[in-house]
Amino acid sequence: MTFPYAEVIGDPISHSKSPLIHKHWLEQAGIAADYRATHVKPEELAAHFAARRADPLWRGSNVTIPHKQAVIPLLDRLDPAAEKIGAVNTVRPEHGELVGYNTDFGGFLEPLQPLLAERHLFRMARIFGAGGAAKAIALALWSKGFTIVVGARNLDQARALRAAFDPDDSLIAPLSHFAEPTDFAWDDRSGLFDLVVNTTSLGMTGKPPLIVDFSHVPPGAIVYDIVYSPLETPLLAEARGRGHKTIDGLAMLIGQAAEAFALFFGVPAPRGRDAELRQKLLA
């Protein structure tokens, strides 16, 4: 028997955790469908989607490195968030068209939703990194009323990131600036929402740690690291040791996958056993 299916494509792709996540939810939802990983090289991308257009069983593709921008010319239209971000991580067929989405936008915000529902006098996010993930995250936070500070190794990239939502490029600094102590005197932070986000690969297994002097981190700030291997990065470990609330990279990974699952299979991802899913991802 042949089942409908979705997939994740990339080059390489064997490391992807997406099949584990989606198969977990398909089982929980009782949906007779499959989710697979497909190795697609850059020169194969156009032919791959031409073939998928003609496949009635195909429900969509998650798109990972290096295809998130290269896939755009092959699509018929983009969701507004994907168009603003300039990158696509999810493609699905809709009435004969291929439509691109970016679920990183909503996936990043998911664990923050209880706090975002509250009223704040002021919201500020310090974002480390200026790549594609940083742009999706910055736009998501900007849409929720955050003032955005960007710390990056490449300042031209940081300026381009901020220009996507705000022409003021004064709120950027070299990443090295945040590694040095500051004598800034923090005022009363009651009623404020401060967020510190690492979008770089620093702290990932096999990479050097992200060096942050915590004199740059406001009292009461939440520290969010989108790296999930290891789950507790040096940044999160230090933040937790200093009493900050933290959010790890699995939160965003699962959140963005849930949005894609709903697009592919037409029902919300069954989230009642997320603790079990996290254990599977860590095994």
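Arg-278 counts as partly exposed, at 25% relative accessibility; partly exposed is the range between buried, under 20% relative accessible area, and exposed, over 50%, with a 1.4 Å probe and protein chains only. The model is a predicted one, in which local features need pLDDT of at least 70 and side-chain atom pairs count only at pLDDT 80 or more, while totals for chains, interfaces and linings use all residues. Residues are numbered from 1 along each chain as its sequence is written, and side-chain values use heavy atoms, with hydrogens and water left out.

Arg-278 forms a salt bridge with Asp-248, with the closest N and O atoms 2.6 Å apart. A salt bridge here is a side-chain nitrogen of Lys or Arg within 4 Å of a carboxyl oxygen of Asp or Glu. Arg-278 lies in helix 10 (residues 274-282) and Asp-248 in the loop between strand 12 and helix 9, so the pair ties together parts that are 30 residues apart in sequence. Helices (H or I, at least four residues) and strands (E, at least two) are DSSP runs, numbered from the N terminus. Asp-248 is buried, at 15% relative accessible area.

The structure holds 19 salt bridges. Another of them joins the side chains of Arg-53 and Asp-76 at 3.0 Å, N to O. This pair links distant parts of the chain, since Arg-53 is in helix 2 (residues 45-53) and Asp-76 is in the loop between strand 3 and strand 4 (77-78), 23 residues apart. Arg-53 is partly exposed at 41% relative accessibility, and Asp-76 is partly exposed with a relative accessible area of 41%.

Six strands form an open sheet in the order 9-8-7-10-11-12, with parallel pairing; two strands pair if DSSP finds at least two bridges between them. Strand 9 (172-174) and strand 12 (246-247) stand at the edges with a single partner strand each, so one side of each has no neighbour in the sheet. Strand 7 and strand 10 run parallel and are joined by seven bridges. Ala-125 stands opposite Leu-195 in strand 10. Helix 6 packs on the sheet and touches strand 7, strand 8 and strand 10, where contact means heavy atoms within 4.5 Å. The direction of helix 6 makes about 180° with that of strand 7, on axes fitted to C-alpha atoms, for helices over the stretch in contact, with angles from 0 to 180 degrees between N-to-C directions.

In soluble globular proteins, nonpolar side chains tend to be buried together. A nonpolar core is a set of buried Ala, Val, Leu, Ile, Met, Phe, Trp, Tyr and Cys residues joined through side-chain atoms within 4.5 Å. The largest one has 34 residues, and Phe-108, Leu-112, Ile-127, Leu-141, Ile-148, Leu-195 and Tyr-224 touch the most other members. Helix 6 gives the most to this core, with seven residues.

Two asparagines remain. Asn-62 lies in strand 3 (residues 58-63) and is buried, at 5% relative accessible area. Its side chain makes a polar contact with the side chain of Tyr-35 at 2.6 Å, a polar contact being a pair of N or O atoms within 3.5 Å; within protein, one must be able to donate a hydrogen and the other to accept it, and residues adjacent in sequence count only if both atoms are side-chain atoms. Asn-102 is buried at 7%, and its side chain reaches the backbone oxygen of Ala-87 at 3.1 Å.
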